[in-house]
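The entries follow in the order in which I looked things up.

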Amino acid sequence: MSSLPDGFSPLVEVWGKGKNRSPLLVNFAHPSTWVVTLPSQDVNGEDGTIQAGEYAKGDTATLFVYPDPGSVKVSEQPKSFYEDCLIKAISQKGANVYQDFKVTRTEVVKGGYKNQEYVLVDFKYTLLTGAGFEVERKGVASITSVGNSVQVLWTATIAARFKKIGTDLRLIAESFRVYADGLDLLVPVTKEFDDGFDL
């Protein structure tokens, strides 16, 4: 990053250090007071994602890696593609956690390595909590595609706070960069031979 907004810190992390994932180098800025959560590693590989937030206030920025579409040119996709990516991202804990999802604005931007394309997406939805409450949320996401998947950094907060921190959420989304080239060397490689031994 050539510069950081005042009060922001950079986050640079490799997603996909486990042998169950293809590695990505992820970079974005977030407010310095936010708590960072990283994927966990165990003998089975890697679980979880890269996330930062002020969770008590409902402010979050979360990486979602979506393998199903494969490699795509994100700027040429219809609005329904961005809706699908974001619905998958926000409903990882279950399909019944949201309603009234809507993309309200999209913008194609370029930046970073090889002048990569990112699509900034404004969106809103209603979160259905486990306690039965409905919480209106608004956010800004950045969607791109490197390697063999689509990557989404989505930021969101409760609608009542969006006027206060919406600019910060947009700065986070705009700062998002992700790279895949040359990172395969970081993944542990296990080769199985006919004798049953692992190398």
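**Entry 1: Ser145.** I began with a polar contact: a polar atom of the Ser145 side chain is 3.1 Å from the backbone nitrogen of Val72. The model is predicted, so I take this as a computed distance, and side-chain atom pairs were counted only at pLDDT 80 or more. I then found a polar atom of the Ser145 side chain 2.9 Å from the backbone oxygen of Ser149. Ser145 belongs to strand β10, which covers residues 134–146. Buried or exposed, I asked of Ser145? I noted 14% relative accessibility for Ser145, and because buried means under 20%, Ser145 counts as buried. Leaving out residues up to four places away in sequence, I listed Gly70, Ser71, Val72, Val74, Val150 and Gln151 as touching Ser145.

**Entry 2: the second largest pocket.** Ser145 turned up again here, as one of the residues that lie nearest the centre of the second largest pocket, together with Gln116, Glu117, Thr144 and Val146. I recorded 15 lining residues in total and about 230 Å³ of space. Two or more lining residues come from each of β9 (116–128), β10 and β12. Which element gives the largest share of the lining? It is β10, with three residues.

**Entry 3: the seven-stranded sheet.** I traced an open sheet in the order β3-β6-β7-β11-β10-β9-β8, with antiparallel pairing. Its edge strands are β3 and β8 (98–111), and each of them pairs on one side only. Ignoring direction, neighbouring strands are turned by 20° against each other on average. I looked at the β8 and β9 pair, which is antiparallel and joined by eleven bridges. Within this pair, Gly111 has Gln116 in β9 as its bridge partner. Helix α1 (residues 79–90) packs on this sheet and touches β7 (59–66), β8, β9, β10 and β11 (149–158). The direction of α1 makes about 115° with that of β8. I also found α2 lying across β7, β8, β9, β10 and β11, at about 150° to β11.

Entry 4: Three bridges hold the antiparallel pair of β2 (residues 24–31) and β12, and Asn27 stands opposite Arg177 in β12.

**Entry 5: Ala159.** I went on to α2, which spans residues 159–175 and includes Ala159. Ala159 has a relative accessible area of 24% and is partly exposed. Beyond its neighbours within four places in sequence, Ala159 contacts Glu136, Arg137 and Lys138. Arg137 is 22 residues away along the chain, yet its C-alpha atom is 4.6 Å from that of Ala159.

**Entry 6: Leu38.** I ended in the loop between β3 (35–37) and β4 (40–42), where Leu38 lies. At 39% relative accessibility, Leu38 counts as partly exposed. Apart from neighbours within four places in sequence, Leu38 is in contact with Glu13, Thr49 and Ile50. I also recorded 6.5 Å between the C-alpha atoms of Leu38 and Gln51, which are 13 residues apart in sequence.

Key
Residues numbered from 1 in each chain as written. Predicted model: local features only at pLDDT ≥ 70, side-chain atom pairs only at ≥ 80, totals over all residues. Heavy atoms only, no water. Helix = DSSP H or I, 4+ residues; strand = E, 2+ residues; numbered from the N terminus. Buried < 20%, exposed > 50% of the residue type's maximum accessible area, 1.4 Å probe, protein only. Contact = heavy atoms within 4.5 Å. Polar contact = N/O pair within 3.5 Å; in protein donor to acceptor, adjacent residues only side chain to side chain. Pairing = 2+ DSSP bridges. 1 Å grid on protein atoms, 1.4 Å probe; cavity = no way out; pocket = protein on both sides within 12 Å on 5 of 7 lines; lining within 4 Å. Points joined across faces, edges and corners; volume = space filled by probe spheres on them. Axes fitted to C-alpha atoms, helices over the stretch in contact; angles between N-to-C directions.
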